[in-house]
Amino acid sequence: MLVNIIQNTISSFRSALAAAEVITTNLKMWLGFETSETLGREEVVNGDFATDSDWTKENGWSIANGLATRTNVGSYTALQQNVLESGKTYQVTFTIDSVTSGEIFGIRLGTNYILSNKSTEETFTGVGVANATTLSIMGNPTFAGSISNISVKELTQITPDKSGNNNVGELFTGKAIEFDGVNDNVDIDGFTLNSSSTTIAFTIKSSQTAFAYLLDANPLRFNIRLNESGNLAIHYNGVSKSFGTTPNDGSFHRVVMVIDGANVNAYIDGVESGSSQTFSSSIDLSSFTEFKIGASYSAGCCFFDGILSDVQFYNETWSTDDIAYDYANPNKLAIDNPSTSLSVTNLKGYWAMSEGAGSLAYNSAVALGNDVVTDGDFPLPNVNWTLVNGAQITVNGLKIDNTVSGNFVGVKQFLTNNPFGKTFVATYDVIATNGAELAIQQTSDVTLDTTTIGTNKKTTFTWNRTIDELTIKRLGTGVNVTIDNFSLQEISVGYINGATYELTQPRIQQLGMMNWAKSTPESEEVTLIPNPNNTSQDILGNAVRDRLNSFNLDGSGYAEVADDDSLDMSSGFSTSFWIKLDEGSTTTDYDFLVCKGRGISGFNATYGFGTTYYNNLLIATIYTSADKNQLSFSNESPTGQWVFLCVTFEPNTTNGFKFYKIINNQTYIESMTTSGTVDESHNLNVGRDSSFVTTRQSKNIISDVLFYDSVLTSNQIENNYNAGLSAHTND
């Protein structure tokens, strides 16, 4: 098959398409991957009470003309639906239209009551966790009145279906640190907080009811804990105060503790929890030097069993508006709130605990420090570097060549500040090399040993020698390398002791669509969040990924859409999406993209449909009852640029299976004839396929996944490409 290059030469036609909107005819799913958290789909059927369908009416309740009405029957009775899932958090909104007597007893999620004892004619909203499947609107014995509507939505990390067909995708992108309750903890370096104004926020998931430390400070006797009843409590100078609430129901919760002098308020999921607690004196955290997460600092006991992430410390109190903003905008910080009085300098500690691998957690509130080396750009004349065995500093940088045999030392420099015990990130540009390996050494300790291919090399390490001599050394013989722009900067880290990263967690509220950036410290791949002081970089200085409205995948996350009759494939379909290929993908990586079934694999009639990036090929596969059918593109798939892909399938038709690729206004098409039917039983996955092989999950950026139960024309496909150009430019 030949690649057909289609280039429109009629500029007016192109201009007209550029203003077009996405084709909506036969559109059955549109995952826009919005950058802020959204509420889940509507769970209640007939919440507007247009009919009594799906409602169970106990004595006194009736439904007619858009109202659920209850008469005074002298007993507690309920209006019910079985629409909940135990352990999930829901937001409930309902409107009391009229009251003749008494009051609504409350809304019940299973047996958990929220929004209790309401009697005014207005709209109420509450949040709670279901412990059973039944939603109940409970009436007091004397209540008589009407409700005009009720809405119940799960508070979850999902991406909405913008086509209106409700085929929403649940995101599995969160990462957090899991503690086993036996000896796991994280040691955190200290930072400076105010003496009387502090806010501490974190996300927790646990079912633990035993006494446990969440955060414990040294040297002050200050901590946040779960007490013997599992209640959230704060301890200061020998006195403990409990808030009488238990964020340990096995679901993820956002907890905010606001310390204002001697007063402490606790908020869970944006709502104040319990009354304010007051100590006899102001809580002074100004001499805070370090702390543990998940255990007692000194006693080595009372270990936490559960998951923690997104631990933030501010040296200022949050307003209730900041708290609401933090919960409603999990991909942003409270300092991003347009109406906040906070500034970036108030953020003193930001331990996302979401790196995904390794033994370090990074404080993303700390801006990259000043270079601890002098003249890292290797200026002429050279003053601060000691050249050894023929190394040269030229106009291009430091040159270490092959004129001397044996391991060849290049340059040395003594650091002015004692580096022992500190963690550093070293970066440098490779200007030229024929395959040399470099070592960055702390005198005799080799810190970095990696093949120098490409540019912008980076490593993170802890200085474990008492001698402060830095050495850059070439390894091997017969090779040469020139480097420039060498930088060595101190960063703040936490040391993970036994705790492990939990991957692909759903509903970790703050981690669904962060501007992920990748680095490779100590040969352990990690994923970091943006540096609040420089949002174009992460805390290690990596350029952050372009978020826009995209789903930024790092090999562990994915989105899943439950199978539905509207996502029919056998009678013909089209699916399209934007993708930016990761420059770090190797040629032999399997990288599953959008699949309703399997990516590339051996033939099986039940495998369905899939798209894959593999060995520098973009591949679309249809498995029918007759054969495995595969189309691919190569050579025109540059990394780091947005590419628009579309697959159409019209069964038993000449060239009915087509694969479109559009990049920089140039269209490529591959096509073939297929026969047979396609298996319909698969969920639709973004970032993985139905084999669920975790090592083959996508490491790319995917955006705007569309699914049609019809075959789009080439003009309609190009229309959708033009409609998405403004958000996916390669300028």
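Two residues are in contact when they have heavy atoms within 4.5 Å of each other. In this predicted model, residues 24 or more positions apart account for 71% of the contacts in the protein chain that have a separation of 6 or more. The secondary structure comes to three helices and 58 strands. The points below start with the chain as a whole and then turn to particular strands and residues.

**The chain as a whole**
- The protein chain has 731 residues, and 54% of these count as buried.
- Its accessible surface comes to about 27,600 Å², and carbon and sulfur atoms make up 44% of that area.

**Cysteines**
- A disulfide is a covalent bond between the sulfur atoms of two cysteines.
- A search of the whole structure finds zero disulfides.
- Cys595 is buried because its relative accessible area, 0%, falls under the 20% limit.
- Cys646 has 1% relative accessibility, so this residue counts as buried too.

**An open sheet of five strands**
- Five strands form an open sheet with antiparallel pairing, in the order S4-S7-S12-S9-S10.
- S4 and strand S10 (112–114) are the edge strands of this sheet, because each of them pairs on one side only.
- Within the sheet, strand S9 (residues 104–109) and strand S12 (residues 134–139) run antiparallel and are joined by five bridges.
- On this pairing, Ile104 stands opposite Gly139 in S12.

**Strand S2 and its partner S58**
- Strand S2 covers residues 27–31, and four of its five residues are buried, so the strand is largely enclosed by the rest of the structure.
- S2 is joined by four bridges to strand S58 (residues 701–708), and the two run antiparallel.
- Leu31 has Val705 of S58 opposite it.

**Ser574**
- Ser574 belongs to strand S49, which spans residues 573–580.
- With 0% relative accessibility, Ser574 counts as buried, because buried means under 20%.
- The side chain of Ser574 reaches the backbone oxygen of Ser710 at 2.8 Å.
- Leaving aside neighbours within four places in sequence, the residues in contact with Ser574 include Val647 and Thr648.

**Backbone features in loops**
- Phe49 is not a glycine, yet has a positive phi of about 55°.
- Phe49 lies in the loop between strand S3 (39–42) and strand S4 (56–57), and the residue counts as buried at 0% relative accessibility.
- Asn655, also a residue other than glycine, has a positive phi near 55°.
- The loop that holds Asn655 runs between strand S54 (642–649) and strand S55 (657–663).
- Leu380 and Pro381 are joined by a cis peptide bond, with omega about 0°.
- Pro381 is placed in the loop between strand S29 (360–362) and strand S30 (386–387).

Definitions and conventions
Residues numbered from 1 in each chain as written. Predicted model: local features only at pLDDT ≥ 70, side-chain atom pairs only at ≥ 80, totals over all residues. Heavy atoms only, no water. Buried < 20%, exposed > 50% of the residue type's maximum accessible area, 1.4 Å probe, protein only. Polar contact = N/O pair within 3.5 Å; in protein donor to acceptor, adjacent residues only side chain to side chain. Areas by Shrake-Rupley, 256 points an atom, 1.4 Å probe, with all protein chains shown as cover. Disulfide = S-S within 2.5 Å.
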